[in-house]
Amino acid sequence: MSKNMGHNDIDDICPAPIIFTMIGGKWKLAILKTLIFKGTRRFGDLRREVDGVTQTMLTKQLRALEADGLVHRKVFAEVPPRVEYSATEDGLSLRPVFEAMHLWWLERGL
């Protein structure tokens, strides 16, 4: 760190708080992990695969991930309507982050 760079400068250039808002929390990480590693899922499938999430919370988290451009929602004009969720290119680009966290976990024998 340069002598002229103070603490506030680091806060201004580090996107960590923004990133944590986008992907942070138990549910967003679990949803992203499922969509990144297992592919496109319907709502009911996601609810079964994300252990413990309520319907309301899953809906809320999916909407937030969609708003941040990490998840794509596709509605099919069928009766009854079918909705599928998938990771966007930005979402898929997080795969190395998940792999790094997994490696970190294994290296510590946790």
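At what angle do helix α3 and helix α7 pack, and how far apart are their axes? Select residues 26-38 (α3) and 95-107 (α7): the angle is about 110 degrees and the axes are 10 Å apart. Axes are lines fitted to C-alpha atoms, for helices over the stretch in contact, with angles from 0 to 180 degrees between N-to-C directions. The two helices are therefore roughly perpendicular (65 to 115 degrees).

This is a predicted model, in which local features need pLDDT of at least 70 and side-chain atom pairs pLDDT 80 or more, while totals for chains, interfaces and linings use all residues. Residues are numbered from 1 along each chain, and side-chain values use heavy atoms, without hydrogens or water. Helices (H or I, at least four residues) and strands (E, at least two) are DSSP runs numbered from the N terminus.

Leu-29, Leu-32, Lys-33, Ile-36 and Phe-37 of α3 meet Arg-95, Phe-98 and Glu-99 of α7.

Now select the sheet. It is open, with three strands in the order β1-β3-β2 and antiparallel pairing (pairing needs at least two DSSP bridges). The edge strands are β1 (41-42) and β2 (71-76). Two bridges join β1 to β3 (residues 82-87), and Arg-42 stands opposite Glu-84. Helix α3 lies across β1, β2 and β3, at about 85 degrees to β3.

Finish at Leu-62. Which residues does Leu-62 touch, leaving out those up to four places away in sequence? They are Ile-31, Phe-43, Leu-46, Val-71 and Tyr-85.

Notes: Angles under 35 degrees count as roughly parallel, over 145 as roughly antiparallel, 65 to 115 as roughly perpendicular and the rest as oblique. Contact means heavy atoms within 4.5 Å.
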